[in-house]
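Dear colleague,

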Amino acid sequence: MSRFISLAATLVLSTTENSQALRIGGSSVLFGKRNFAISRLFSSFSQHEQSQQVRSNPKLESLRRELQARGVDGMIIPSDDPHLSEYVAACFERRAYISGFTGSAGTAVITMDRALVWTDSRYWLQAEAELEAGWELQRSGSIDVPSVSDFVGKEFADGKVVAIDARVTSAKLASTLVEALNKFGGGQLECWQENPIDLIWGDQRPQLPSEKLRVHPIEYAGESASDKIERVRTIMRKNGATALAISALDEVCWLLNIRGKDVDCNPVGLSYVVLNVDGPTILCVDVSKVDNQVAAHLEKAGVILQAYDAILNLLSTKEGKVWLDPEKSSHALVTAATSPLLAPSPISLLKAVKNAAEIQGMRHAHIRDGAAVVRAFATINQRIQEGDTTLDECSVDEELCKARKRDPLFFEPSFPTIAGFGGNGAIVHYVAKPESCARVDASNLLLVDSGGQYLDGTTDVTRTFHFGQPTAEEKDAFTRVLKGNIALDSAVFPSTTPGCAIDAFARQHLWAAGLDYGHGTGHGVGAALNVHEGPQSISPRFSNLQPLLPGMIVSNEPGFYLPNRFGIRIENLLLVETASFGSNNANSQFLRFSKLTHIPIDTNCINVDMLNESERKWLDEYHQQVEEKLTPLLSDDPNALAWLQRKCRPLNLVFPPPSEKTIDEEKKVEEDIVVTAR
């Protein structure tokens, strides 16, 4: 129990004439009515007039007027929805609406004279291109860039007030902000249950999604909702929790074996669960989304329905310890609970370790997905060789979707396709737009990161191809990335190893040339769920010490990006499994990876002289497996089958060693040249 940090123990509730404040140290978290201090309000108007020349963004100006009217000096705008999702429904894309930056990760801070967006290196180039007038990019992770909390602490010192929408701000971020405000001078954090951006957005703001839920069949889930609920209750009892409040949408869907369509590319529905250790499980959801089949499924699992917006009232009236994950629960949820028990969600780890049915579904989905991707790339190659000038980055996405839609179990992409040609490939999370996408031809590298959501599994794969002749520089970078991918794929490691301990395997060959990439090497992947999940990862972030466990699925995606020139990434999904060393080591607790992705790697981009014997063997064996698994699915497509066979040829056929005859012929040509020159 000592690992549970209960914020409630440090909070003191005080009441003033104009506001109710939740005070932590010297700072205030304000609720309810705002304190319209006349002096502060005049000061804000003065700042507004002084910075009038700097701003030319009508949305920003409207928002600042709203903030001034509410008596605050600024606002923090995260990317999140009420469930702190990575990808959100269109109606929750407030940061994107107000700033123009559409990347899935980033936090905006607005003051009376500045507007800033923090985002990580995956999105720097995209943010530079998309941010509207009046916005500044803060490159998170750069040495000279402060964290959001440090900036807020300094900017809003001396009693200034900064606001958040408590419904879409994590409890962890709210706590960090209060600590920073205390540290740098006693600013105040004001928490709202509304958002002024919605007023500016007006009628143009999309409606809440209303898609129906569906049952996730037991043949793919591998375990009933009732059994999952009992497993979670056992953990709750051990930790003294009377209830568990589940906000993360993928955790709700995994626990109850349901799926939804409320968020593009993520098969989830907007909902909460309150799981009681004794008593019914409560699903808070728009009941119009629940048809008779889903209702019967939930009733069988002992689940009752309440309205989606009933969650805060449920938590405020719940007696005993209510378990909430501070990183996955909004500040509004945590402060609604009378006795919160703050700790990582027990569902996260249960969901990450796949059972036999989920593993089988993922394997089957990846084989079919591999065949679909081969069909698409074979068609793309054919169009390029035929000189099709209409082929562009959007066409690449269309070809992939067309090929995947042939599968009756496919229902949508697992994320927006990243198809970057040339310099666009250096934008890590680039998304092509019809009005500006690049034409694709044989003159440069094409990086394609795509995936599919199938009823039995979720896929995510990146391949980089050159349909002409890559340069020596491109081959060198590609081969270093490939060597890193092979090194991580081949790793054997103790069972207590966290992903951060093996991240360097994938970077070592880039580091040897003074190169690197700015994103993590691997993320967890859901089984017929979200393409990104935790708690596991493979990255340089040493704060994540979650060991990799048998049954977890992670991506292996080293890359290299040369801005405005090209991007390279090679990604396979891997299953963590127990390593075997023969009878003498039957009890050895070591792990290894098993490949899920089966799609050719472009040997045209390899400098084969940089590969050692074991790496050549790895690539030949991988391509042999790819060809064996995909050939039966491509018998109806001669073009795709021929492309697969060509791309899976052994390296000694792609790069045949020079024969003695060839060497003699070359010497004769050289002698002839010398004679001619004389």
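A salt bridge here is a side-chain nitrogen of Lys or Arg within 4 Å of a carboxyl oxygen of Asp or Glu, and on that reading the structure, which is a predicted model, holds 39 of them.

One of these joins the side chains of E327 and K172, with N and O 2.9 Å apart. Because E327 sits in the loop between strand 16 (322-324) and helix 13 (331-336), while K172 belongs to helix 6 (residues 171-184), the pair ties together parts that are 155 residues apart in sequence. K172 itself is partly exposed, at a relative accessible area of 44%.

A second salt bridge links the side chains of R368 and D456, again with an N to O distance of 2.9 Å. R368 comes from helix 15 (residues 356-385) and D456 from the loop between strand 21 (452-454) and strand 22 (457-458), so this pair ties together parts that are 88 residues apart in sequence. The two partners fall into separate accessibility classes: R368 counts as partly exposed at 22% relative accessibility, whereas D456 is buried, with a relative accessible area of 7%.

Helix 15 also contributes D369, which forms a salt bridge with R404, the closest N and O atoms being 2.6 Å apart. Since R404 lies in helix 16 (residues 393-404), the pair ties together parts that are 35 residues apart in sequence. Both R404 and D369 are buried. Elsewhere, D250, K351, K354 and E533 are linked in a network of salt bridges.

Strand 21 and strand 22 are joined over 2 bridges in the antiparallel sense, and Q453 stands opposite T458 of strand 22.

A further residue to look at is Y97, in helix 3 (residues 94-99), which counts as buried at 15% relative accessibility. Leaving aside neighbours within four places in sequence, Y97 is in contact with K59, I197, I200 and W201.

Among contacts between residues at least 6 apart in sequence, 69% join residues at least 24 apart. The chain exposes about 28400 Å², of which carbon and sulfur atoms supply 52%.

On confidence, the average pLDDT is 89, and 88% of the residues score at least 70. Residues 1-55 stay under 50, although the model has 96 contacts beyond four places in sequence for them. Where pLDDT is low, the predicted coordinates should not be read in detail.

Definitions and conventions. Residues are numbered from 1 along each chain as its sequence is written. This is a predicted model: local features need pLDDT of at least 70, side-chain atom pairs count only at pLDDT 80 or more; totals for chains, interfaces and linings use all residues. Side-chain values use heavy atoms; hydrogens and water are left out. Helices (H or I, at least four residues) and strands (E, at least two) are DSSP runs, numbered from the N terminus. Buried means under 20% relative accessible area, exposed over 50%, partly exposed in between (1.4 Å probe, protein chains only). Contact means heavy atoms within 4.5 Å. Accessible areas come from the Shrake-Rupley method with a 1.4 Å probe; for residues, only the protein chains shown count as cover. Two strands pair if DSSP finds at least two bridges between them. pLDDT is the predictor's confidence in each residue, from 0 to 100.
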